[in-house]
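Good morning, colleagues. Please look at the sequence and the structure on the screen while I go through the fold, the charged pairs and the surface.

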Amino acid sequence: MDPASQDINLNSPNKGLVVDQSDSLSDVPVEGAVGNSANPLPPGLTEEEAEELRIELTKVEEEINTLRQVLSAKERHATELKRKLGLSPLNELRQNLTKSWQDVQTSNAYLSASATLDDITHSEAYKKTQETLSQAGQKTSAALTTVGTAITRRLGDMRNSATFKSFEDKMGNLKIDVTSQV
């Protein structure tokens with residue numbers, strides 16, 4: 001068993017198992033990689049030093065790929081554990097929102113704003129403003145009711161007028177003419 005293909009994380013559910021490297025990113029070139037022989041050596045760097053850097057870069061890239069694989073396995077394992085525990089993304093969101101709301105309610109800013117709001121609602125100015133707005137709302141409601149009643153009465157009077165009756169008769173005759181032609 002090749003040690004490079006083993007899952008090296010001791011807490012992993014795949015500990016000691018061979019990790020599938022078919023989806024490995026080891027053949028994906030890294031930007032600025034020194035491994036390209038078409039690149040000339042930077043000034044002050046010998047061929048031997050460049051080769052050592054290439055070897056170190058290769059090792060670092062392999063470590064990065066291994067870490068990606070370990071992380072992916074851990075994420076799959078965490079998802080499976082959450083599924084077994086009945087934790088859905090919606091439940092997690094709900095729990096996060098609940099905790100965040102509790103954090104907000106216990107924050108200094110919220111408590112200070114809440115205390116200020118309580119002070120305002122118990123002040124004389126607030127009570128007078130509330131009373132004035134309540135009276136204005138009642139008077140507006142009464143005025144609108146009066147206007148509605150007046151409009152209703154006026155429409156009733158208009159409907160009983162001779163002009164409207166004549167118009168209604170003409171429209172009735174027009175309806176009869178149109179339906180008889182169809």
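I shall begin with the basis of the values and the overall fold, and then turn to salt bridges and surface patches.

This is a predicted model, in which local features need pLDDT of at least 70 and side-chain atom pairs count only at pLDDT 80 or more, while totals for chains, interfaces and linings use all residues. Residues are numbered from 1 along each chain as its sequence is written, and side-chain values use heavy atoms, with hydrogens and water left out.

First, the fold. The protein chain has five helices and zero strands, and along the sequence its pattern is α-α-α-α-α. Of the 182 residues in the protein chain, 6% are buried. The term buried means under 20% relative accessible area, exposed means over 50%, and partly exposed lies in between, with a 1.4 Å probe and protein chains only.

Next, the salt bridges. A salt bridge is a side-chain nitrogen of Lys or Arg within 4 Å of a carboxyl oxygen of Asp or Glu. The count by this rule is five. Let me take the pair Glu 47 and Arg 54, whose side chains meet in a salt bridge at 3.5 Å, N to O. Which residues form the network around this pair? Glu 47, Glu 51 and Arg 54 are linked in a network of salt bridges. Within it, Glu 47 is partly exposed at 46% relative accessibility, whereas Arg 54 counts as buried at 16%.

Lys 82 and Glu 92 form another salt bridge, with their closest N and O atoms 3.4 Å apart. Lys 82 lies in helix H1 and Glu 92 in helix H2, so this pair ties together parts that are 10 residues apart in sequence. Lys 82 is partly exposed at 33% relative accessibility, and Glu 92 is partly exposed at 26%.

A further salt bridge joins Asp 103 to Lys 99, with the closest N and O atoms 3.3 Å apart. Both residues lie in helix H2, four residues apart, which is about one turn of the helix. Asp 103 is partly exposed, at 41% relative accessibility.

Helix H1, residues 47-85, also contains Glu 80. The side chain of Glu 80 makes a polar contact with the side chain of Arg 83 at 2.4 Å. A polar contact is a pair of N or O atoms within 3.5 Å; within protein, one must be able to donate a hydrogen and the other to accept it, and residues adjacent in sequence count only if both atoms are side-chain atoms. Glu 80 is partly exposed, with a relative accessible area of 30%.

Finally, the surface. Patches are made of residues with over 30% relative accessible area and no salt bridge, like charges being joined within 9 Å and nonpolar side chains (Val, Leu, Ile, Met, Phe, Trp, Tyr) within 5 Å. Glu 48, Glu 49, Glu 52 and Glu 56 form a negative patch. Of these, Glu 56 is placed in helix H1 and is partly exposed at 49% relative accessibility.

What makes up the nonpolar patch? Trp 101, Val 104, Tyr 110 and Leu 111 form it, with an area of about 380 Å²; accessible areas come from the Shrake-Rupley method with a 1.4 Å probe. Helix H2 (89-105) and helix H3 (108-121) each supply at least two of its residues. Tyr 110 belongs to helix H3 and is partly exposed at 33% relative accessibility.

Technical notes: Lys and Arg count as positive and Asp and Glu as negative; His and the chain ends are not counted. The place of a charge is taken as NZ of Lys, CZ of Arg, CG of Asp or CD of Glu.
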